[in-house]
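Here are my notes for your read-through. Keep the model open beside them and check each point as you go.

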Amino acid sequence: MIDRSFFIDSCDDVELNIKRSSKLEYRISYDETKPIRAIFVIVGGFGSSADTRMLDFTRRQFALRFGVLAMNVFYHGFCCRVSSEEAYSAKYSIEKEDVENIKKVLAKLNLPYHSNLPHNAYYFLLEDMMKKQKEAGLYTQNAFLKGLSYTILPTNDEYQNYLLMPALDHINALKHLFKTHGGGGGEATHHLCRWVLRLTNRSFNR
């Protein structure tokens, strides 16, 4: 079984005029002892980055069982969940909107807001307050505070682009795959990659 990872240049956010600062990563797996019947792209959804070992396992299983070249693309905004792998782990953050939500919850409870306190301190203070009030019987055990929030920031200063850049990342990964593997992997792989390149050039390079 062949497993390879690539880091390539992909697209900038032309719509918002934001230049991309990171490389696009994609991974492939295929069985070098069998002819490749197809290129199979596994599009990971929200949460797939929490454990990349599962991505690798699933990709290898498809390649092994079905004779395909299986691919995972770590597209723009893909790493949007906290992970044990630092390179792929999103970060918790308290942004302006989250601070406003803290203030609203405090106001409902007639509690003061102090700007000199770290914002995350309020989460712990409110949690402790709720625990004590539940123990005192003032709230039921399944009661919870509504309105608090925090922000999850993807890695590499990325953000949710609502599928435009992720789609382009998959296309650019396929084009790069053709350039690096178009002449290898047997005649079937060669024709598959030629077809992919013709399709992407026709659709997106006008």
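1. Start with the strand pair. Strands S3 (residues 39-42) and S4 (residues 69-74) run parallel and are joined by 4 bridges. Two strands count as paired when DSSP finds at least two bridges between them. Ile 42 has Asn 72 of S4 as its bridge partner. Helices (H or I, at least four residues) and strands (E, at least two) are DSSP runs, numbered from the N terminus.

2. A word on the source. This is a predicted model, where local features need pLDDT of at least 70, side-chain atom pairs count only at pLDDT 80 or more, and totals for chains, interfaces and linings use all residues. Residues are numbered from 1 along each chain as its sequence is written, and side-chain values use heavy atoms, with hydrogens and water left out.

3. Next, the crossover. S3, helix H1 (residues 52-66) and S4 form a right-handed β-α-β unit. Right-handed means that, with the strands pointing away from the viewer, the path from the first strand over the helix to the second runs clockwise.

4. Now the cores. A nonpolar core is a set of buried Ala, Val, Leu, Ile, Met, Phe, Trp, Tyr and Cys residues joined through side-chain atoms within 4.5 Å. Buried means under 20% relative accessible area (1.4 Å probe, protein chains only). The largest nonpolar core has 20 residues; Ile 28 and Leu 177 are among those with the most contacts inside it. S1 (2-8), S2 (24-30), S4 and helix H4 (164-181) each supply at least two of its residues. Another core, of 8 residues including Tyr 122, lies apart from it.

5. Look at Ile 28. Its contacts (heavy atoms within 4.5 Å) include Phe 6, Arg 59 and His 181, leaving out residues up to four places away in sequence.

How values were computed: Buried < 20%, exposed > 50% of the residue type's maximum accessible area, 1.4 Å probe, protein only.
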